[in-house]
Amino acid sequence: VYGVFPRLSFEITGLNYDPSRKVSRLNKMVCVGTDSTREQMMAPVPYNIDISLYVISKTQEDCLQIVEQILPYFTPDFTVSITVVPEMNVQQDIPIILNSINIQDDYDGDFQQRRFVTYTLNFTLKVNMFGPVSGSGIVNKVIVTTINPDTGTVFTSYNAEQTVTTIPVVEGWLDN
C-alpha cells in the first residue's frame, strides 16, 4: 500500500547561528507589570532554521497545483508576526525566505510501474532564540539615612513604605 497522494511533509534540515544579526550580550529586555512585578531576559540570539517542504504526488499536474498556491506568497520572502515570549508580550516579525525548488521525477519503466513526483521547497526562517525569563519584585521598601558631614548628625531617616516627605537640600554641606 502506497498511501494517499498528493501528500505534504516537512523536515528541519539545519540550524545555524547568524552573526550578521547579533546584538550586544549586555542588552536586556525588561517588563514592569501592573502588579508590582519586574521580569527581564537577556537579548535574543539570532539563528537561521533551514526547512525543507516536500510535495509528493503521482502526477506532475498534482504537484504543480499545490506549488502554484504556495509560490505567490514568497517574493522571495514572506513575513509572519508571532508572539515569541508570551510572559513578556514580545512580538516579532519572522521572515521566511524561499531559497530554492527542486523537482525529482522517479519514473523509469513501463506504465505498470508506480510513479512519484517530488517537489522540494527549501526555506530559511530567521528566528531569535530567547533565554529564560527571570522575575523579581519591584523594590518597595527602602531605608535611607543621610548625615550632615559638617556636624555628623542625622539629617533624615525614613522608610519608603511610609509616606515619603521631601526634605529641603541645605546648600553648601556637600561641598567638602
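In this predicted model, the side chains of Lys126 and Asp18 meet in a salt bridge, with 3.6 Å from N to O; the term stands for a side-chain nitrogen of Lys or Arg within 4 Å of a carboxyl oxygen of Asp or Glu. Because Lys126 belongs to strand 7 and Asp18 to the loop between strand 1 (7–17) and strand 2 (28–32), the pair ties together parts that are 108 residues apart in sequence. Helices (H or I, at least four residues) and strands (E, at least two) are DSSP runs, numbered from the N terminus. Asp18 also meets the side chain of Arg21 in a salt bridge, at 2.8 Å from N to O. The structure holds 2 salt bridges, and through shared partners Asp18, Arg21 and Lys126 are joined into one network. In general, side chains of opposite charge can pair when their charged atoms come close.

Residues are numbered from 1 along each chain as its sequence is written, and side-chain values use heavy atoms, with hydrogens and water left out. As the model is predicted, local features need pLDDT of at least 70 and side-chain atom pairs count only at pLDDT 80 or more, while totals for chains, interfaces and linings use all residues.

How far are the members of the network covered? Asp18 is buried, with a relative accessible area of 6%, whereas Arg21 is partly exposed at 26% and Lys126 is partly exposed at 24%. Here buried means under 20% relative accessible area, exposed means over 50%, and partly exposed lies in between (1.4 Å probe, protein chains only).

Turning to the aromatic rings, a search of the whole structure finds 5 aromatic pairs. Rings of Phe, Tyr and Trp (its six-membered ring) pair if their centres lie within 6.5 Å; planes under 30 degrees apart count as stacked, over 60 as edge-to-face and the rest as tilted. Tyr73 and Phe78 form an edge-to-face pair, 6.0 Å centre to centre with 75° between the planes. Of these two, Tyr73 is exposed at 53% relative accessibility, and Phe78 is partly exposed at 33%. Phe74 and Phe123 have ring centres 5.1 Å apart and planes at 50°, so the pair is tilted. This pair links distant parts of the chain, since Phe74 sits in the loop between helix 1 (60–70) and strand 5 (77–85) and Phe123 in strand 7 (residues 116–129), 49 residues apart. Phe74 is buried at 17% relative accessible area, as is Phe123 at 8%. Ring pairs bring Tyr73, Phe74, Phe78 and Phe123 together in a cluster.

Helix 1 has a buried side made of Cys63, Ile66, Val67 and Ile70. These residues lie on the same side of the helix because they cover an arc of only 95° around the axis, the arc being that of the directions from the helix axis to the C-beta atoms. On the other side of helix 1, Glu61, Glu68 and Gln69 are exposed.

Among the members, Val45 lies in strand 4 (residues 45–57) and is partly exposed, at 35% relative accessible area.
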